[in-house]
Amino acid sequence: MDTMRERFAATVSRLLDDAPRLAVVLAEIGKDGFTDAARAHPDRVINVGIREQLLVGVGGGLALTGMRPLLHTFASFLVERPFEQVKLDFGHQGVGGVLVSAAGSYDWPAGGYTHMAPGDVALLDTLDGWTVHVPGHPDEAETLLRDAAAAGDDSVYVRLSAHSNSAPRDIAPGRFLTVREGRGGVVIAVGPMLDSVLTAVEGLDVAVLYATTVRPFDERTLRATARAGAGAGAAVDVVLVEPYLAGTSTAAVNDALADRPHRVLGLGIPRRELRRYGTIDEHLAGQGLDPASLRERVSGFLR
């Protein structure tokens, strides 16, 4: 199976052939995946070198001319380092584009904390109007990338990951997918956390929603699931399992269920930094996001 980043390069390279409004802006990282596309479209595949603020500035400039820019590098260099440019060159100018990240919260542990960005989605939450996609499989990444590329002038963040579920799901951009029904609570698994969540809740009477678009937050599906499980107006327990900063979407759940009693447990990457390299699986265990840890935390909360 190819990776999400490989699928990104292949998908967008094909889109460039058919969409003259599309342009790709790179900051050295990922350029090898666009070698053929750069040869075919030298004016629409731009590598600015290791200059992340310029990456975003060039993307904003292209958007001002009517182009649909796709910007790609590691999440820490795409959202955190040039955040002022994201805020001003896109948001303040009133133009849109697509930010496509890699490396996420812990995808390349050997790169150290400079290459990890557990706070990226929370940081984008401080801006207005961003759509945020978190695919859990390369097939889902392609679906969401195609949707983002065709999304008019909207601002979209696509968070790719080396961490992947074993199989794709039949997702619809903007909607949560009901994977399991249950009456004892609702667990929302975001992107690549789905497999671990399903293993963790095996035998528990809980509903599982699969979220590959987290902004806008699908309040309608959450409310319908809570109503079907607990009954109209009854108290409901919700567990969020996100592959980035713990509690990032807790406020969204509270807003969705503001008119009924509820409790929320936000699981994800804590603020405490793991100062070891290891592997993705070791980082998941260290953050309490492996199936065994999730089982203990979810069942303890629901009791």
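In the predicted model, the side chains of D237 and R263 meet in a salt bridge, with an N to O distance of 3.0 Å. Because D237 belongs to strand β11 (residues 236-245) and R263 to strand β12, this pair ties together parts of the chain that are 26 residues apart in sequence. The two partners can also be described by their accessibility: D237 counts as buried, at 17% relative accessibility, whereas R263, with a relative accessible area of 38%, is partly exposed.

A search of the whole structure finds 15 salt bridges. Side chains of opposite charge can pair when their charged atoms come close. D218 is buried, with a relative accessible area of 6%, while R175 is partly exposed at 34% relative accessibility.

A further salt bridge is formed by the side chains of D259 and R223, at 2.9 Å from N to O. Here too the pair links distant parts of the chain, with D259 in the loop between α10 (250-256) and β12 (262-269) and R223 in helix α9, 36 residues apart. D259 is exposed, its relative accessible area being 56%, and R223 is partly exposed, with a value of 28%.

Helix α7, which spans residues 138-149, contains 12 residues and reaches 16 Å from its first C-alpha to its last, close to the 16 Å expected at 1.5 Å a residue. The buried residues of α7 are P138, E140, A141, E142, L144, L145, A148 and A149. One of these, E142, is buried and also takes part in a network in which salt bridges that share partners join D2, R7, R14, D139, E142 and R146.

In soluble globular proteins, nonpolar side chains tend to be buried together. The largest nonpolar core of the model has 44 residues, among which Y157, I188 and L222 touch the most other members. When residues up to four places away in sequence are not counted, Y157 touches A75, L78, V79, L99, S101, D120, V121, L124, W130, T131, V132 and H133.

Terms used. Residues numbered from 1 in each chain as written. Predicted model: local features only at pLDDT ≥ 70, side-chain atom pairs only at ≥ 80, totals over all residues. Heavy atoms only, no water. Core = buried A, V, L, I, M, F, W, Y, C linked by side-chain atoms within 4.5 Å. Buried < 20%, exposed > 50% of the residue type's maximum accessible area, 1.4 Å probe, protein only. Contact = heavy atoms within 4.5 Å. Helix = DSSP H or I, 4+ residues; strand = E, 2+ residues; numbered from the N terminus. Expected span 1.5 Å × (residues − 1). Salt bridge = Lys/Arg side-chain N within 4 Å of Asp/Glu carboxyl O.
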